[in-house]
Amino acid sequence: MRVIHISAECYPVAKIGGLADVVGALPKYQNKLVVDSAVIMPFYNNKFTQNNTFKALYESTVKLGENQYPYEVLVLKDNILDFPVYFIHIESLLYKDYVYSEDDTDRFLAFQIAAMDWLLTLDKKPDFIHCHDHHTGLIPFMAQESFKYESLNKIPVITTIHNAQYQGWMPYEHLSKIPEFNLDHIGLLDWNGTINPLAAAIKCAWRVTTVSPSYMEELMQSANGLEALLSAERQKAIGILNGIDTDVWNPETDEYIVKNYKTSSVLSGKKANKSWLCKEFNLDESKPLFSFIGRLVGEKGAELLPSIFYKALQSKDISILLLGSGMSQTESELLSLKNIHIGNYNCFIGYDERLSHIIYAGSDFLLMPSRVEPCGLNQMYSLRYGTVPVVRSVGGLKDTVVDIKDKVGYGICHNDVSETSILEAIDRAKEFYKQETEFKNNRKVIMNIDNSWEVSAKAYINLYNSIT
Ligand SMILES: Nc1ncnc2c1ncn2[C@@H]1O[C@H](COP(=O)(O)OP(=O)(O)O[C@H]2O[C@H](CO)[C@@H](O)[C@H](O)[C@H]2O)[C@@H](O)[C@H]1O
């Protein structure tokens with residue numbers, strides 16, 4: 001079985017968020033089964049592409065309306081990744097020092113067309129095309145409708161929704177850039193009077209998945225305008241929970257963290273990582289350390305954080321550390337807070353992969369007050385590193401974190417995204433921290449929870465098999 005994943009991100013090549021983690025792990029775990037899995041992604045100008053050498057497999061031009069762009073399909077000269085990655089190199093559009101920006105419409109249109117054009121030329125075609133998020137949302141449509149891809153239209157296309165908030169909307173002036181199709185079928189591209197790639201994917205993909213079962217249920221109620229569409233397509237929709245790459249996220253071998261540890265050495269291991277963090281960020285090591293890692297956007301409840309932190313820190317019995325970037329207003333509020341709660345609070349505004357690993361390892365609690373959380377990987381990383389997640393019960397968080405009130409519980413859950421609710425959860429976490437023996441035992445329990453990809457990789461294969 002040959003599967004080709006098509007995505008804008010893939011760890012370790014280019015990562016903005018969780019999409020990269022999933023596309024960087026799922027093919028690897030599929031390849032351990034009976035699958036030959038590879039990835040097609042854009043060739044960006046970043047550290048990974050600068051530090052490695054590539055060779056061209058294929059050269060051509062991609063047509064985008066009136067314009068023609070030369071492009072190459074590149075592969076790594078030395079295959080240092082766990083699965084083949086094919087890079088679409090379009091110098092003037094994709095080869096930038098960013099992944100997403102204002103000019104995404106043309107960039108990802110060209111990416112999708114170039115990827116499909118190249119697939120047309122292959123002797124051995126994939127058995128399944130697996131697309132991720134709206135950046136690849138026109139592929140299911142083009143595979144089904146564009147005349148030039150007729151020879152690909154028997155290949156089942158699967159779309160995975162990692163985040164339905166962003167849908168890739170584009171005005172109709174871009175229509176002529178989509179390879180020719182029967183205009184009677186234009187409705188497949190449309191949602192509310194505009195071209196909506198995610199909607200087109202939901203209509204045309206053979207199967208639609210979300211990254212957790214609860215998120216699929218939630219999208220039927222609220223999906224940034226697509227709820228009715230998802231409900232209508234419910235018979236081909238399924239939620240499959242993400243896993244985590246336990247080779248990358250393993251406190252025993254993680255090269256980023258200050259001291260490695262396993263269940264039996266969790267106390268000293270976490271202590272060393274916490275000490276490092278507290279020294280680095282001028283925090284009091286003796287207090288429970290609450291952290292937040294992530295994109296500072298509304299979906300993550302980020303704009304509430306400055307006020308919540310301010311209030312939670314009044315009692316001076318906890319420390320808080322934040323790593324993230326996003327809305328500029330929230331960033332500046334978080335930065336100003338540094339001058340108020342000196343010694344108990346700090347933040348790093350930006351992106352830092354190594355620091356994120358040390359925070360998972362050195363924190364006592366990880367906060368995730370998300371409004372929307374399709375799956376969430378942070379809570380699974382934190383569990384693996386013995387850090388108790390404090391989460392809003394939504395989407396994948398609901399599927400992966402059980403509250404300590406439950407007999408088999410191990411995390412702290414709250415139902416609302418309100419200040420009161422989040423502050424109450426923090427208070428409950430503080431109480432839990434004081435029950436020293438239970439708290440320490442719980443660390444060992446959560447480190448052993450199996451959230452690895454093995455089960456989910458199989459679930460995707462069962463899904464592919466159910467199509468044929
Ligand atoms: N400033 C920073 N510095 C370093 N690392 C940072 C960082 N900000 C975020 N990260 C890292 O990015 C990843 C975030 O993953 P998530 O799954 O939690 O969120 P995201 O919303 O990006 O993903 C979307 O897709 C994924 C994958 O399907 C879903 O789990 C999720 O719910 C959905 O919103 C983690 O690896 C985290 O450590």
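This is a predicted model: local features need pLDDT of at least 70, side-chain atom pairs count only at pLDDT 80 or more; totals for chains, interfaces and linings use all residues.

Which residue does UniProt list for "binding site"? The unreviewed entry names Lys15.

Lys15 sits in the loop that runs between β1 (2-6) and α1 (18-23). Leaving aside residues up to four places away in sequence, Lys15 touches Glu9 and Ala20.

Now for the ligand. Its shell holds 26 residues, and the closest are Gly17, Gly18, His162, Pro374 and Cys375. The element α1 gives the largest share of this shell, with 4 residues. At least two residues each come from α1, β12 (289-296), β13 (319-326) and α12 (353-362). Both domain 1 (2-243 + 453-467) and domain 2 (263-447) contribute at least three residues to the shell. Sorted by class, the shell looks like this:

| Class | Residues in the ligand shell |
|---|---|
| Nonpolar | 9 residues |
| Polar | 12 residues |

Stepping back to the whole chain, you will find 17 helices and 17 strands. The radius of gyration is 23 Å, close to the 23 Å that the globule rule gives for 468 residues, so the chain is as compact as a globular protein of that length. Its C-alpha trace spans about 65 × 45 × 40 Å along the principal axes, and 49% of the 468 residues count as buried. Of the contacts between residues at least 6 apart in sequence, 68% join residues at least 24 apart.

Technical notes: Residues are numbered from 1 along each chain as its sequence is written. UniProt positions are given in the numbering used here, feature names are shortened, and annotations may be inferred rather than shown by experiment. Two residues are in contact if their C-beta atoms, placed from the backbone, lie within 7 Å. The radius of gyration is taken over C-alpha atoms; the globule rule is 2.2 Å times the number of residues to the power 0.38. A residue is buried if 20 or more other C-beta atoms lie within 10 Å of its own, exposed if 12 or fewer, and partly exposed in between; C-beta atoms are placed from the backbone. A residue is near a molecule or strand if its C-beta atom, placed from the backbone, lies within 6 Å of it. Ala, Val, Leu, Ile, Met, Phe, Trp, Tyr, Cys and Pro count as nonpolar, Asp, Glu, Lys and Arg as charged, and the others, Gly among them, as polar. Domain bounds come from an automatic or database domain assignment.
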